[in-house]
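This report covers selected residues and helix pairs. The sequence and the structure come before the details.

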Amino acid sequence: MLNTPQLPSYLSKENIGPWHIYLQQVEQVALLLDKSLLPWVDTLRRPKRSLIVDVPIRLDNGQITHFEGYRVHHNTSRGPGKGGVRYHQDVTLSEVMALAGWMTIKNAVVNVPFGGAKGGIRVDPRQLSLAELEGLTRRYTSEISSMIGPDKDIPAPDMNTNAQVMAWMMDTYSMGEGRTVTGVVTGKPVSLGGSLGRQDATGRGVFVTAREAARKLGVSIDGARVIVQGFGNVGEASARMFAQAGARVVAVQDVSGTVYNGAGLDVLALKRYLADNKTLLGAPDCETITNDDFWSLPCEFLVPAALESQINRFNAEHIAARIIVEGANGPTTPEADAILAERGIVVVPDVLANAGGVTVSYFEWVQDFSSFFWTEDEINARLERIMAESFNAIWQMAEDRKMPLRSAAFVIGCSRVLEARATRGLYP
């Protein structure tokens, strides 16, 4: 049971939001940790610091408007904070807290030397011009500048942000420092110290962990049916890599709707169609099905790569996938996890499956500090090794201790974080 008095006073007990899911996941493994770590578990239930900022900008028509922004450091016991910045009209503090918490666990699972952080602005970026988006980004960066830095907290792209947004953030921070600080963000353009391989890194990590799970379960990628929710950076890259490996991507869903082709969609053509038309609907050689029907399509792999809580108690009973590989953060609720486990569906959890992005962000950060850059083949090889080794460690623990992969991942991640916290002790 959750200890509700531990909730921060600024969250409502009646509507905790995504933070509630994160807390439930921690509670499920707390008693599975080494007894020596139990006195420190409370540090996982409390963000280290949270900042809420007002972000005023002048619109193109001269009007001044205000947006609400956030930056949260969940835990920095293992190193500086690391986590993306998302622009979305439904962003809340609870969501950013949860995302920061998952980043803490994720960084520990793949054993990169970062803590967990996250940021966001409550805005629909589709309603802003490019100039307005730049103004929003620069003002937000200025407002959170006390929390970020190359050895303090390193933002990266997330939902509705990209390399251009990171370039604006880097430039704004650098102006305040009076020097160019490339390592303050990752996911930048290559021309500004970005890393080769970063754009596809999260999707590549999804595919690598899917491939490793398939090997363990005796499922062939060649000819396998794949359905993907979300066709942004993560969903598109993972779909493309599945297709390149011989799988059939039979359905894709995004905010515009769901398209289906039992023989397999042309992922590259679908990407071009979406770029030209801003919708999946009407794309050649596919039919439109309902969003509800998407979840019950028979397939070997389901990749949820959109928002939180998409797989829940209402649709988990109908899912017909053999393996779920979480490209999004928090796409499966704890209630759905229990249903899927009972039905024998393997879930490769987000804190492992989508860790490819932060892993290559780590590579970018290292390259920026050394001013020595690696080839894309070197980056992809290093990424694949880390993802495969992390997957195998989690799989082995899950088998040894008869627990789901998510629990095994949280045990490994939480243990590494709390060992660091216990070793460091309290100051003063």
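Glu-300 counts as buried because its relative accessibility is 19%, and the cut-off for buried is under 20%. The model is a predicted one. Glu-300 belongs to strand S10, which covers residues 299-304.

Apart from neighbours within four places in sequence, Glu-300 is in contact with Val-219, Ala-224 and Arg-225, and also with Ala-321, Arg-322 and Ile-323.

## Arg-240 in helix H6

Helix H6 spans residues 233-244 and contains Arg-240. The relative accessible area of Arg-240 is 14%, so this residue is buried; the class takes values under 20%.

The side chain of Arg-240 makes a polar contact of 3.0 Å with the side chain of Asp-200. With neighbours within four places in sequence left aside, the contacts of Arg-240 are Asp-200, Val-267 and Leu-268.

## Ala-338 in helix H9

Ala-338 lies in helix H9, residues 334-342. Its relative accessibility is 47%, and Ala-338 therefore counts as partly exposed. Exposed would require over 50%.

Between the C-alpha atoms of Ala-338 and Val-208 the separation is 25 Å, and the two residues are 130 residues apart along the chain.

## Helices H3 and H4

Helix H3 (residues 130-143) and helix H4 (residues 163-177) have axes that come within 9 Å and cross at roughly 45°. The crossing of H3 past H4 is right-handed.

On the H3 side, the residues that meet H4 are Leu-130, Leu-133, Glu-134, Thr-137, Arg-138, Tyr-140, Thr-141 and Ser-142. On the H4 side they are Val-165, Trp-168, Met-169, Asp-171, Thr-172 and Tyr-173. By class, this contact of H3 with H4 comprises seven nonpolar, four polar and three charged residues.

## Helices H5 and H11

Helix H5 (residues 201-217) packs against helix H11 (residues 356-370) at an angle of about 125°, and their axes are 6 Å apart. This angle makes H5 oblique to H11, because it lies between the limits of 115 for roughly perpendicular and 145 for roughly antiparallel. H5 and H11 cross in a right-handed sense.

From H5, Ala-201, Thr-202 and Gly-205 meet Gly-356, Gly-357 and Val-360 of H11. The contact of H5 with H11 has two nonpolar and four polar residues, and no charged residues.

Technical notes:
Residues numbered from 1 in each chain as written. Predicted model: local features only at pLDDT ≥ 70, side-chain atom pairs only at ≥ 80, totals over all residues. Heavy atoms only, no water. Helix = DSSP H or I, 4+ residues; strand = E, 2+ residues; numbered from the N terminus. Buried < 20%, exposed > 50% of the residue type's maximum accessible area, 1.4 Å probe, protein only. Axes fitted to C-alpha atoms, helices over the stretch in contact; angles between N-to-C directions. Left-handed = near helix turned anticlockwise from the far one by under 90°. Contact = heavy atoms within 4.5 Å. Nonpolar A, V, L, I, M, F, W, Y, C, P; charged D, E, K, R; others polar. Polar contact = N/O pair within 3.5 Å; in protein donor to acceptor, adjacent residues only side chain to side chain. Parallel < 35°, antiparallel > 145°, perpendicular 65-115°, else oblique.
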